[in-house]
Each structure stands twice: as structure tokens, then as C-alpha cells.
Amino acid sequence: MKLPEPESKAAVVEAMFDRIAPRYDLMNRLMTFGLDRRWRREAVAALELPAGAMVVDLGCGTGDLCAEALRAGCRAVGVDFSARMLEQAAARGLRCALIRADAANLPLRDGLADAVVSGFALRNFADLRAVLREAFRILKPRGRISLLEVDTPSWAVLRFGHRIFFNRVVPQLGKFVDRYAYAYLPSSIEYLPAERQMMEMLGAVGFSEVAKRRLMAGAVQLVTARR
Ligand SMILES: C[S@@+](CC[C@H](N)C(=O)[O-])C[C@H]1O[C@@H](n2cnc3c(N)ncnc32)[C@H](O)[C@@H]1O
């Protein structure tokens, strides 16, 4: 499919998540066989935070990562620009603040956060570099970032199976919810910087200790770094 151009991407993505918000969690559970919960737990655990630490979740959607942060004894703030996704998050009654804002222009003060997390949102940000700069700004010195995203397995056999599932099965499943959104999902992997570029981008923003872990045989990546 043809992906949105940079100048229209934010508006297209916002409208798309507004449309799919009521079915977003169900589709996630179906597409990942419920494993997405475990990945989110790992993304928060990787931060090794003490109880009470402040975690900001960028592109929080329906609040799954905020919920994990709260479960780990942290405080959480979720930020998303989709009003409907935030409504779903609010309906869960999570004890955290939810803010409607662009992750590339956060209404949060410098050094507020002990940690920043983001789940499956990197592909969707129209300006990833600007979002990383904002994450850096709101982090305390030595604060950590944990970024969860889809990835492409490096093993040829797995890559083949993954391609069939992601490019064929997911759009078929998703067409009952929103044909465009679940065709966009596998295609949007093209927006992701390659591994080396991603590491360099984090380094250029100022992050250190950049590391990448592969989950689910490389179908998911967890990138961590320190301010
Ligand atoms: C695939 S969803 C991920 C939701 C959630 N983090 C999760 O793990 O399920 C991506 C989210 O990023 C949000 N998003 C995309 N670009 C954004 C931006 N520039 N600022 C704020 N939110 C954004 C979308 O509205 C959507 O809710």
C-alpha cells in the first residue's frame, strides 16, 4: 500500500487510530496471541525502576504500558494525540494522568520523568527524531528510555513465516475492523529506521548505553538507552 507522505502522515495516523480505538486492544490480543502483554511487561522491567518513579508513555494509546508501569509500582503519564484512544485509556480507570498532545511537542517540563516508554508508536510518529529529542528533554539525567516496536526476524525461515503472517493474515483479520489500518500496519514498518540508524539517532540526540533486544524470535524489538 502507499504510505502517507510526511506532510499528511500525522493527520492520517491520528484519524486512523481514532477510527480503530474501540477494537484496538482486541486486535492486539488476536494478532499477538496475547503475547503483547508480556512484551510490555519486559519493556517496563528493562527500566529497573524503583517504586514511585515517574514514567511517561509516548503514544500511550489505550494505556497498556501505563498500566504496566502502575503495576510495577511507578507513577505514569500517558500522552497521545488520538482523542478516541485516550477515551479508551480513560475508561479503564487507570490511576494516571492522560494528556492529549503531540509527542514531538510535549507540554511537560524538563527533567520531569525518571523514564520514558513507548510501545509500537515509533513507526507512527511523523517526526521520530523530534519525539526522541522531547523524550531526552523531559528525562532526568541518567533517566532511561524503553522503546518497543515491531521488527523483522533475521533468520530467513522465520522471516518468511513472519512476512506471510504480517502481510497476509493481519490485513485479512483487520479488514473486519478497518481495512486501511491493518494494511497500513505491515507497510508502516518501512518508516522504521534500520537498526544502525536507530542507534545512531538515539546517540545523536544525546542518549548513551543504547542497546537492542530481540523478542519473539526477532519479530519484536526492545531498544533501551540512558540519558
Ligand atoms: C500502535 S499505537 C500504540 C499504542 C500503545 N502504546 C500500545 O502499546 O498499544 C500508536 C499510538 O501512537 C499515537 N501517536 C502517533 N503519533 C503520535 C504523536 N505524534 N503524538 C502522540 N501520539 C501519537 C497514536 O495515536 C496511537 O495511539
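1. Shell around the ligand. Helix H1 (6–32), helix H3 (64–71) and strand E2 (75–80) each contribute at least two residues to the shell around the ligand; helices (H or I, at least four residues) and strands (E, at least two) are DSSP runs numbered from the N terminus. The largest share comes from H1, with four residues. The shell counts 23 residues, of which Gly59, Gly61, Ser82, Ala103 and Gly119 come nearest; a residue is near a molecule if its C-beta atom, placed from the backbone, lies within 6 Å of it. By class there are 14 nonpolar, five polar and four charged residues in this shell, where Ala, Val, Leu, Ile, Met, Phe, Trp, Tyr, Cys and Pro count as nonpolar, Asp, Glu, Lys and Arg as charged, and the others, Gly among them, as polar.

2. Basis of the model. This is a predicted model, in which local features need pLDDT of at least 70 and side-chain atom pairs count only at pLDDT 80 or more, while totals for chains, interfaces and linings use all residues. Residues are numbered from 1 along each chain as its sequence is written.

3. Overall form. The protein has eight helices and seven strands. Its C-alpha trace spans about 45 × 40 × 35 Å along the principal axes.

4. Burial and core. Of the 227 residues, 41% are buried, that is, with 20 or more other C-beta atoms within 10 Å of their own, C-beta atoms being placed from the backbone. The largest nonpolar core has 62 residues, and Val55, Ala115 and Val116 touch the most other members; such a core is a set of buried Ala, Val, Leu, Ile, Met, Phe, Trp, Tyr and Cys residues joined through C-beta atoms within 7 Å. Beyond its neighbours within four places in sequence, valine 116 is in contact (C-beta atoms, placed from the backbone, within 7 Å) with Val56, Leu58, Ala135, Ile138, Leu139 and Ile145.

5. Strand E7. Six of the seven residues of E7 (residues 220–226) are buried. E7 pairs in the antiparallel sense with E5 (residues 139–150) over seven bridges and with E6 (residues 208–215) over six bridges; pairing requires at least two DSSP bridges between the strands. Glutamate 149 stands opposite glutamine 221, and alanine 211 has threonine 224 as its bridge partner. E6 and E7 form a hairpin with four residues between them, and methionine 216 in the turn has a positive phi of about 50°.

Methods. Buried ≥ 20, exposed ≤ 12 C-beta atoms within 10 Å, placed from the backbone. Contact = placed C-beta atoms within 7 Å.
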